[in-house]
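The walk below goes from one packing to the next.

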Amino acid sequence: MREITYAEAVREALSEVMREDEAVFMLGEDIGVYGGAFGVSRGMVEEFGEERIRSTPISESAIAGAAVGSAMTGMRPIFEIQFSDFITIALDQIVNQAAKIRYMYGGKARIPLVMRTPGGSGTGAAAQHSQSLENWTAHIPGLKVIQPATAYDAKGLLHAAIEDDNPVMFYEHKLCYRTSSDVPQEKYTIPIGVADIKKVGTDITVVATGIMVHKALAAADILHEKNISIEIVDPRTLVPLDKQTIIDSVMKTGRAVVVTEAVKRSGFSAELASVISESESFDFLDAPIVRLAGAEIPMPYHPDLEKKAVPQVEDIVEACCKLMADK
């Protein structure tokens, strides 16, 4: 074990699997000599060459289409959409082709592809480069959706995604790239569809996704000083979703706060809340479920407004304090 950044963990997983399997290759904008918009693939073209680290034209539909076609012929493509906002240009290939082909061909075709993409706010990239759209693809049958929050989870889940014979959407928050955690040097795999309890607690279950896991952990330290113990559940994968871990936690604590960055209206926070309200854990609730999510506005450019547009540590603290005040 050694401490490395999230970006380094992703690069390590990519390099490990490419050394093992020549059917794996990468394609995307500026991923070669430039090393990607956030430096994740830096140095990989020198090791694997331009045939396997393919820098593409600025055409997300072409990138996704090439990935789908190559996956059908036995390759295992990993394609990068430079910002998750740009998935809109490739939705036909992802939603109507990648997600449907295995079903429509009666299982005779496989689509073992991974789409990696950075998303979320916090870098001052404004309205067209800061959205959290993972709930869009989570709505589509046939796609698996992964959203790791830590370097450890990113490496293990990326290995699992690449080994899967189905299309996998792999969302990496831009702010997570800078975070670090202990990561094994050897290859390891984390099963897709298994949540992780990032912190054990007794008073409130906080279900957090992506960068909100880090904000929940920071809030936990503040709440500890107020004698409030929160249990933080990180789903890690949105599809398939580990419902039982969430349900078991809520049955233990009796209170639930759901924290996501995506816009609240029709967002994945509603899906998480419905898991609780439609299960046996509903009878254990001592207070209404609280949802914290993004404001229903395009992401502002100004850093102060940007922070106001998505949940922050103080919002989680305030929501948890209010829940306990109503006890």
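Helix H9 (residues 243-253) packs with helix H10 (residues 268-277) at an angle of about 60°, and their axes are 9 Å apart. Helices and strands here are DSSP runs, H or I of at least four residues and E of at least two, numbered from the N terminus. Axes are lines fitted to C-alpha atoms, for helices over the stretch in contact, and angles run from 0 to 180 degrees between N-to-C directions. The angle makes H9 oblique to H10. Under 35 degrees counts as roughly parallel, over 145 as roughly antiparallel, 65 to 115 as roughly perpendicular, and the rest as oblique. The crossing of H9 and H10 is right-handed, meaning that the near helix is turned clockwise from the far one by less than a right angle. Lys243, Ile246, Ile247 and Val250 of H9 make the contact with Leu272, Val275 and Ile276 of H10; contact means heavy atoms within 4.5 Å. By class, the H9 contact with H10 has 6 nonpolar, no polar and 1 charged residues. Ala, Val, Leu, Ile, Met, Phe, Trp, Tyr, Cys and Pro count as nonpolar, Asp, Glu, Lys and Arg as charged, and the others, Gly among them, as polar.

The model is predicted: local features need pLDDT of at least 70, side-chain atom pairs count only at pLDDT 80 or more, and totals for chains, interfaces and linings use all residues. Residues are numbered from 1 along each chain as its sequence is written, and side-chain values use heavy atoms, with hydrogens and water left out.

Now the sheets. Two strands pair if DSSP finds at least two bridges between them. Strands S10 (residues 204-208) and S11 (residues 230-234) run parallel, joined by 4 bridges. Val207 stands opposite Val233 in S11.

Strands S5 (residues 114-119) and S7 (residues 168-173) run parallel and share 6 bridges. The bridge partner of Met115 is Met169 in S7.

The axes of H1 and helix H7 (residues 151-163) come within 8 Å and cross at roughly 30°. That makes H1 roughly parallel to H7. The H1 and H7 crossing is right-handed. Their contact includes Tyr6, Leu14 and Val17 of H1 and Leu158, His159 and Ile162 of H7. Its residues divide into 10 nonpolar, 1 polar and 3 charged.
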